[in-house]
Amino acid sequence: MTDDRPFPPGDYPVVIVGSGPGGLQLSRSLSELGVRHAVLSQDPSAGGMFRRFPFFQRLLSWTKPYAPCPRGEREYERYDWNSLISEDPSARAVMPDLMDGTSYFPSRPEMERNLVTFAERAAVRVRYGCRWESTRAEGEGFALTTSDGEYRCRFPVFAVGVAEPWRPETPGIELATHYADTREAHTYADREIFIIGKENSAFELASGFLQWAKRIVLASPSPAKLSVTTNSLVGVRARYVQPYEDNVLGGGVLVLNASIQEIARAGERFTVKIRRSNTNEEQAFEADDVIAATGWIPPLRDLAKLGVVTFGRNRLPAITPFWESVSVKGVYFGGTITQAAAGLKKNGIPANSGGVNGHRYNGRVLAKHIARTHFGVEIPRPALPAADVGALLLHELDHGPEMWHQRSYLCRVVSVTADDGVRDEGIWPLAHFVDSEGPDAVAATIEANARGENYPAFYIRQQGRVTEHLLDPDQRMRYDTAERRAALTTILHDLLG
Amino acid sequence: MATTHEGSDQLHDTLAALALFADLSGAELETIAHTMEERYFAEGERILRQGFSGAGFYIVLEGEAAARVSGVEVNRLGRGDFFGEISVLLGEPPSADVVALRPLRCAVLAGPQVESFIVSHPKVAFRMLQAEARKLRNATRWRS
């Protein structure tokens, strides 16, 4: 075995599939907990989807090189959406050092370098060029067949991304190029482009084509949502709104609410037949290029045959709040697939599990869950004076990164029992806390409403019953005030005595 | 083996078969299929939580759920039934838990989207009102 081909086929307690941010984070976090595992990847190097996407080479997620707190501190993670996380300071805040200063959205090559650098500094080893091919249950665990041979494990974790192109069953859809196969932008000079879809990938392409294309049409049945009006990450992000404005102000872009009836060849060009959603009117558009920005699914190979249930348009696996398949126990998921566990999703506002800034914390929580539940690793639960609980929780909401990025999804938990006293239990999935039995405890998180207001939320579990307690929003997102401390003291009174 | 592969195309077909959407054109249904999100809930999972803010509007596509007030079952919900609308319309937390009795698939609309949804689809609003009227009639009968 050489260093660049670690993890030969054989038996491992845990096997992680994937070397994108999800796989790298899980591996690092499991190593920090002393859980032996292998990491397999079909790619030649770290980076996952960022080795190729986004197509126009700059990310949607930002990293602020200059922030209100020093790089490397835990709080800095609030301002850095792209670095992975580690107990080792040398592997923290990798991203800002690699950016050239032209934008606070890293370029795709910078992001790829960020992930490769993290793997080096965090000593994450991966068996590259090893393709997972099939899966079967075997004994108390699973066997994964790969291009290098067979791996047996108790717990596989699939962090394979949501990056397999998906197309609807529209007649003629095979004539459309998928987003994944879009050509260099300049090759669309002086052409008419029809884009199917109105989500970020569609608007990203339209933005990139603005200075090249003669006309751009974007069409899908439901109206485009904009993040600046949903006050959340739901909808087209601010940096891709330009084509929308062109549509409104009369540029060369049309944004239509319509279902796509058929795509057909018309000589060298294409005809796209649509039906307008509001009028039911049928229309036809001619275009030089038709691009399907219709979304992605996770490449789960034969996991359905194993019994893994999937759901919805994105064929995501149905999973528990700890990201374990609901139908095949022992099969876990990491990275962007963790968005399949929606959590409470209050007011329709999703967590950020589809982005690195969200799923990096899911990864660390999952590693702790696997270590604690399956390998008997004791996770520290520091004792806490009862009088300090309120201050700890408010400080955490003001400065901790987990509840900032994963609002109403992850929470900081403090338990209170007669035997054990008051214990800081760390970060947990909120859906698990509110829906599972457990000791008397309080969970703290940040939540948001449709008006874009963020406010502290506390959940008190006493004798198996969980109640919700919300405090007032604060536009500065600074909650540790005398007024809120007093309110929280009242909320915690029965729990802490 | 219970494996679900439901794209928005299939969601469209599932919605088309429900009484709530019986009066809609194909295009309108397609818009709704793209507006609503599909969610899956495992047996025993809570969908609506009594006393918690921020709930949404749910339509059962497949499976069965129970509405429970403080742990006591008050209603059963199956395919085509909907719940969560009272909480959203009144801006109050739900007065019951809704728990999946077996694997449950739902179409979901976030609370803040419900008003514009109802205003945009008056025929769906009418069907919803009919269903609410039936519930009210049954409750009145029960009391008399």
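**View 1. Where chain A meets chain B.** In this predicted model, 31 residues from chain A and 31 residues from chain B make up the contact. On the chain A side, four elements each supply at least two residues: β10 (253–266), β15 (310–311), α11 (430–435) and β22 (465–470). Look for β22(A) here, as this strand gives the most to the side of chain A that touches chain B, with 3 residues. Sort that side by class and you get 13 polar, 11 nonpolar and 7 charged residues.

View 2. Chain A comes in three parts: domain 1 (10–163 + 297–374), domain 2 (167–294) and domain 3 (382–496). Pick out domain 1 and domain 2 of chain A, and you'll find 31 Å between their centres, taken over C-alpha atoms.

**View 3. Where domain 1 touches domain 2 in chain A.** Zooming in on this pair, 8 residues of domain 1 of chain A are in contact with 10 residues of domain 2 of chain A. What classes of residue does domain 1 of chain A bring to the side that touches domain 2 of chain A? That side has 6 nonpolar and 2 polar residues, with no charged residues.

View 4. Strand β3 (residues 132–138) of chain A runs antiparallel to strand β4 (residues 141–146) of chain A, and 6 bridges join them.

Key:
Residues are numbered from 1 along each chain as its sequence is written. Chains are lettered from A and ligands numbered from 1 in the order in which they are written. This is a predicted model: local features need pLDDT of at least 70, side-chain atom pairs count only at pLDDT 80 or more; totals for chains, interfaces and linings use all residues. Two residues are in contact if their C-beta atoms, placed from the backbone, lie within 7 Å. Ala, Val, Leu, Ile, Met, Phe, Trp, Tyr, Cys and Pro count as nonpolar, Asp, Glu, Lys and Arg as charged, and the others, Gly among them, as polar. Domain bounds come from an automatic or database domain assignment. Two strands pair if DSSP finds at least two bridges between them.
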